[in-house]
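Subject: Structure for your review

Dear colleague,

Please find below the structure that I am handing over to you.

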Amino acid sequence: MPPSSLRVVYAFAREMHPKTSEVFIEYGTAGFRTKANLLEHVVYRMGLLAVIRSRVKNGRTIGIMITASHNLEPDNGVKLVDPDGEMLEQSWEEIATRLANVSDNDLESTTEQVIKQVNADMSLKASVFIGMDTRYTSPRLAAAAANGVIALKGTPKEFGIVTTPMLHFCVKCRNDNTYGTPTEEGYYEKIVGAFKKIRQKLTVCGDYNTTLYVDGANGVGGKKLNIIKKTLDGELDLQLFNIGGNGGKLNLNCGADFVKVSQKAPVGIEHVPFQRVASLDGDGDRLVYYYIDDKNNMNLLDGDRIATLLASYIAELLRACEASSDLQIGLVQTAYANGASTKYITEDLKVPVSCVKTGVKHLHHAALSYDIGVYFEANGHGTVVYSTKAKEVIAKVAQEGEPEQRKAAQLLQNFIDMTNETVGDAISDLFLVETVLCARGHGVKQWMSSYADLPCRQLKVTVQDRNAISTTDAERQCTAPEGLQTRIDELVRPYSCGRAFVRPSGTEDVVRVYAEADTQLSADKLAAEVAQAVYDLAGGVGARPEL
Ligand code: G16
């Protein structure tokens with residue numbers, strides 16, 4: 001593409017997707033996220049960037065997902081997906097931020113600079129897959145992304161409404177046809193197909209029952225499960241709630257984030273004591289479970305629980321294959337992981353744990369250092385990644401092992417097929433969890449009994465500039481503003497099993513506060529005290545948090 005053709009980049013921008021806001025926007029934890037009306041020019045520019053990225057990757061397909069995931073309806077967002085279905089390489093986030101913030105007048109020259117900087121061969125073909133969630137602002141933004149792709153003579157392919165993990169899956173399949181077929185149907189075929197295969201090998205027993213309630217957060221995940229439900233041949237009886245309709249609003253008082261953060265049951269769900277409920281988030285990339293007990297208490301089974309459940313089952317199958325000494329399994333968490341889960345993983349499961357910064361991109365990267373890496377954020381965002389070596393060892397046992405070993409290895413192969421290895425995926429994770437519970441004949445009580453969570457509380461504080469907060473040590477220590485960490489240390493000291501940290505959110509304009517302690521009362525009090533310290537020392541706005 002000759003440089004003169006870049007003029008069209010400006011023409012499209014000025015005529016169709018002008019930059020109308022001076023608000024600086026940054027590529028954060030999961031791409032750009034803000035009020036939807038501030039995003040059109042940003043998304044258009046990400047269309048341009050996706051084409052450049054595709055050319056740098058020799059014409060391999062790049063993904064653009066229009067979603068603000070767990071955020072409420074007025075927000076929206078955009079993120080890029082790399083050829084292997086992973087999040088955009090981190091070194092490109094600065095480029096994305098630069099391109100998103102230049103004026104329309106400087107867009108052509110900045111695009112040219114970026115092309116030179118990354119050494120993109122603009123004569124190559126470029127392919128970009130575009131997906132969107134159910135927000136009413138998403139179609140307009142998806143069109144802006146497609147225009148960005150067209151402006152640089154790339155080929156956009158629109159997938160319409162899909163879950164975020166489905167788009168990641170399709171991008172991966174398009175670039176690696178051994179992984180699956182790059183369509184929504186291809187996704188069902190692989191993930192749901194593997195679930196059905198594995199269920200035929202298991203007998204429903206013990207306290208496991210096949211009825212599962214689902215909170216769809218009024219987003220895309222519930223809608224897709226409604227399609228899947230009809231194909232399950234009775235292996236799992238999905239009772240779907242909050243799947244849009246009935247005036248339910250996206251992520252409002254429902255969905256995985258609400259359930260995890262508020263530690264309350266979502267609205268819109270019938271309560272039956274000890275009934276398993278799976279709660280998805282708005283774009284279907286997070287999953288937590290909960291149940292209400294006979295005393296009407298809410299019991300949360302979050303990302304830490306899912307991680308331990310999956311890791312222990314995989315370890316069990318590896319032992320049955322007699323492959324556990326050949327393959328190193330490891331677990332990756334963030335600072336939000338409940339202290340009790342980390343203790344259980346290291347002391348009982350004897351699986352090594354690493355702690356990294358919030359953001360699936362960081363967890364995914366760390367998990368790749370193990371032969372089998374299980375990663376989950378406590379908020380329910382995670383998956384399992386298997387190295388080529390792991391897949392080869394398991395395949396060999398499935399072919400050549402003794403009968404019992406072969407059986408375990410074949411189960412493990414189905415388990416791998418059921419896993420969306422590209423990114424955290426609520427639907428795939430739901431099938432993985434249901435498989436383990438069914439294989440063990442466990443209901444929620446047994447699942448819950450593996451360890452006792454330390455009571456915890458999360459709060460949000462609004463400050464003038466959340467970037468005034470800096471952190472280190474996987475966000476467990478605060479380095480700025482001065483004095484805040486010393487204050488947090490003083491506040492934590494009197495509490496038994498006390499722990500607290502603060503960090504700026506990368507998806508909302510807030511500072512997040514996390515605290516845990518030996519009782520719920522103490523965790524709540526500690527969180528409120530730390531929130532006050534943030535407010536006082538980091539420029540709080542609005543009402544001061546109350547104790
Ligand atoms: C995104 C990220 C997650 C992260 C969450 C909250 O989730 O993908 O890794 O934990 O945001 O991030 P923060 O605390 O920085 O706001 P989602 O489900 O919203 O895409």
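Is aspartate 285 buried or exposed, and how many other C-beta atoms lie within 10 Å? Aspartate 285 is buried, because 33 other C-beta atoms lie within 10 Å; a residue counts as buried if 20 or more other C-beta atoms, placed from the backbone, lie within 10 Å of its own, as exposed if 12 or fewer do, and as partly exposed in between.

Please note that this is a predicted model, in which local features need pLDDT of at least 70 and side-chain atom pairs count only at pLDDT 80 or more, while totals for chains, interfaces and linings use all residues. Residues are numbered from 1 along each chain as its sequence is written.

The annotated binding site

The UniProt annotation "binding site", from an unreviewed entry, covers Ser69, Asp281, Asp283 and Asp285; UniProt positions are given in the numbering used here, feature names are shortened, and annotations may be inferred rather than shown by experiment. These residues are spread over 217 residues of sequence, yet they cluster in space, with a largest C-alpha distance of 7.7 Å.

Aspartate 283 lies in the loop between strand E8 (277-280) and strand E9 (287-292), and aspartate 285 is found in the loop between E8 and E9. Strands (E, at least two residues) and helices (H or I, at least four) are DSSP runs, numbered from the N terminus. Aspartate 283 is buried, because 34 other C-beta atoms lie within 10 Å. Leaving aside neighbours within four places in sequence, the contacts of aspartate 283 include Ser69, Asp133 and Gly219, where contact means C-beta atoms, placed from the backbone, within 7 Å. With the residues up to four places away in sequence not counted, aspartate 285 touches Ser69, His381 and Asp425, among others.

The nonpolar cores

The largest nonpolar core has 139 residues; such a core is a set of buried Ala, Val, Leu, Ile, Met, Phe, Trp, Tyr and Cys residues joined through C-beta atoms within 7 Å. Helix H10 (residues 303-321) supplies the largest share of this core, 10 residues. Among the residues with the most contacts inside the core are Val43, Ile64 and Leu310. Isoleucine 64 touches residues including Met46, Val78 and Ala145, not counting residues up to four places away in sequence. A second, separate core of 31 residues includes Cys478 and Tyr514.

Yours sincerely,
A colleague

Definitions and conventions:
Contact = placed C-beta atoms within 7 Å.
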